[in-house]
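Here is a friendly walk through one protein model, from its core to its surface. Have your viewer ready and follow along.

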Amino acid sequence: MSKLTKAILNINSSADFTINADDINQINWLNGTTPIPKADIEAKMAELETEYDNNKYQRDRADQYKELKEQLDLLYHDMTSDKGDKTGEWYKHIKAVKDANPKPE
């Protein structure tokens, strides 16, 4: 989904429209959809871009976390070894990922 389409649907999830060449100046509003002003669409695009940029750490973390089944296995082994605290391998793995990709202040 293009950034333009996403912005329009974030403003009006039931909007019916077509866009020619992903050009904000070539939006055709269909079936009685009230046209959304260009400035509102541009503002929403900027807002969504900022939100995306601000969440980079989440995407980076997701790429580095082990698969869920592997995390569960780590937790199981930690629990059977009485390491359900900060000494366990699961905790160490999660902390390493979070430390490498800190949440912005």
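Let us begin with a term: a residue is called buried under 20% relative accessible area, exposed over 50%, and partly exposed in between (1.4 Å probe, protein chains only). By that scale Leu68 is exposed, because its relative accessible area is 61%. Before going on, please note that this is a predicted model, in which local features need pLDDT of at least 70, side-chain atom pairs count only at pLDDT 80 or more, and totals for chains, interfaces and linings use all residues. Residues are numbered from 1 along each chain as its sequence is written, and side-chain values use heavy atoms, leaving out hydrogens and water.

**Surface patch**

Leu68 belongs to helix H4, residues 68-80; helices (H or I, at least four residues) and strands (E, at least two) are DSSP runs numbered from the N terminus. Together with Leu72 and Leu75, Leu68 makes a nonpolar surface patch of about 280 Å². Patches are built from residues with over 30% relative accessible area and no salt bridge, joining like charges within 9 Å and nonpolar side chains (Val, Leu, Ile, Met, Phe, Trp, Tyr) within 5 Å. The accessible areas come from the Shrake-Rupley method with a 1.4 Å probe, and for residues only the protein chains shown count as cover.

**Core**

In soluble globular proteins, nonpolar side chains tend to be buried together. Which residues form the largest nonpolar core here? The 10 members are Leu4, Ala7, Ile8, Ala15, Phe17, Ile24, Ile27, Ile36, Ile41 and Leu48. Helix H1 (3-11) and helix H2 (38-54) are the elements that give two or more residues to this core, and H1 gives the most, with 3 residues. Such a core is a set of buried Ala, Val, Leu, Ile, Met, Phe, Trp, Tyr and Cys residues joined through side-chain atoms within 4.5 Å.

**Aromatic pair**

A search of the whole structure finds 1 aromatic pair. The ring centres of Phe17 and Trp29 lie 5.8 Å apart with planes at 55°, so this pair is tilted. The pair links distant parts of the chain, with Phe17 in strand E1 and Trp29 in strand E2, 12 residues apart. For this test, rings of Phe, Tyr and Trp (its six-membered ring) pair if their centres lie within 6.5 Å, and planes under 30 degrees apart count as stacked, over 60 as edge-to-face and the rest as tilted. Phe17 is buried at 15% relative accessibility, while Trp29 is partly exposed at 22%.

**Salt bridges**

With a salt bridge taken as a side-chain nitrogen of Lys or Arg within 4 Å of a carboxyl oxygen of Asp or Glu, the count comes to 5. Among them are these:

| Pair | Closest N to O distance |
|---|---|
| Glu49 and Lys3 | 3.2 Å |
| Asp99 and Lys95 | 3.0 Å |

Glu49 lies in helix H2 and Lys3 in helix H1, so their bridge ties together parts 46 residues apart in sequence. Lys56 and Asp60 both sit in helix H3 (residues 56-64), 4 residues apart, about one turn of the helix. Asp99 and Lys95 are likewise 4 residues apart, within helix H5 (residues 89-100).
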